[in-house]
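Look at the structure below with its charged side chains in mind. The paragraphs that follow go from ion pairs to a residue in a strand.

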Amino acid sequence: MKIYFLSSRPCALMLGGVFFGMTNRFERFAEIEPKDNVFAEFIPEGALPVGFFVTEKLRFSPPEHCEVYLLRDGIAVYARDFPPSDFSLKIVAQERFGANLVTVFRQGALQISLETPAGFSVSELPEAFGKCSLRYESGLFFLEGEGMLAAFSADGKCVFSERVSAYKIETGTLTATLPLSDSRGRSAECSWALTEEGCFQTAFRIRQEGEAAKVQNELLPYAFFESVLIGADFSELLSDELKEKAEHIKAFLGDFSGVTLTKDPATCGLVHKKKERLYELRYFTVDVKDGKIADIRG
């Protein structure tokens, strides 16, 4: 069985006690027979390792601290968080905005505390915010970390958390560039309307360096699925014949929470949640004719 290994922070990957290489957000894979009970271990710097036996149980029961994705050609295991090795209190960043006090600190896990007129709250943060800056915009508290941006409402709810390569906030609108696949130079240009309650996506488009016509056709499938996901008007991407069936497309694709790229630009994997920390990718392929989507196949 092909197993893909990914991690939220750089890790040394050990398989059966042997160093297999480094992992991060780009996958490393190995062919492993579940009956061999190989022990896999992610070893990060500055935290305790995460390990588990590679067995058939992975398909049904994700290991602690990990997410499992069921793929058509195997399984992807994403080591999402790691047990802390140091429980001393360290302040990472702290700012006061009027009557609001925001503190990012490390005590075991990396955390944020918000003291506002709406109350007091504490939430865990990804390691990307181990060094961060704070700002207050449109009633929301923003954290800028290493290649990542997050926003919290006054009641402590995380209303935005994305990897970004650039962003700006102007007149109640957040505009950000989200990297999609560094190997193909793809990125997404997105906009969100900001209110005290949260961030509400209003625009999405993707771009790639290269020949305009070729790029348009290659990126159209991904743009279509993302448009369906965020509830944008995707009818302009459809052929006249397919527009007649537009109202049935969401039901056909199912309730998905993310879109992944594949080696074939015409095919995308849609992330469907099966249970906590267990996901299944269902693949859909589109036919593009004259710059419009003419057919969708599951």
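Lys274 and Glu280 form a salt bridge through their side chains, at 3.9 Å from N to O; the term covers a side-chain nitrogen of Lys or Arg within 4 Å of a carboxyl oxygen of Asp or Glu. This is a predicted model, in which local features need pLDDT of at least 70 and side-chain atom pairs count only at pLDDT 80 or more, while totals for chains, interfaces and linings use all residues. Residues are numbered from 1 along each chain as its sequence is written, and side-chain values use heavy atoms, with hydrogens and water left out.

Glu280 also pairs with Arg282, at 3.5 Å from N to O. Glu280 is partly exposed because its relative accessible area is 25%, where buried means under 20%, exposed over 50% and partly exposed in between (1.4 Å probe, protein chains only). Lys274, at 49%, is partly exposed, and so is Arg282, at 38%.

Side chains of opposite charge can pair when their charged atoms come close. Another such pair is Lys35 with Asp36, at 3.7 Å from N to O. Here Lys35 counts as exposed because its relative accessibility is 68%, whereas Asp36, at 47%, is partly exposed. A network of salt bridges links Arg9, Arg106 and Glu127. The count of salt bridges comes to 13.

Is Thr116 buried or exposed? Its relative accessibility is 10%, so Thr116 counts as buried. Thr116 lies in strand S11, residues 109–116; strands (E, at least two residues) are DSSP runs numbered from the N terminus. Leaving aside residues up to four places away in sequence, Thr116 touches Ala99, Asn100, Phe141 and Ala154, a contact being heavy atoms within 4.5 Å.

Methods. Helix = DSSP H or I, 4+ residues; strand = E, 2+ residues; numbered from the N terminus.
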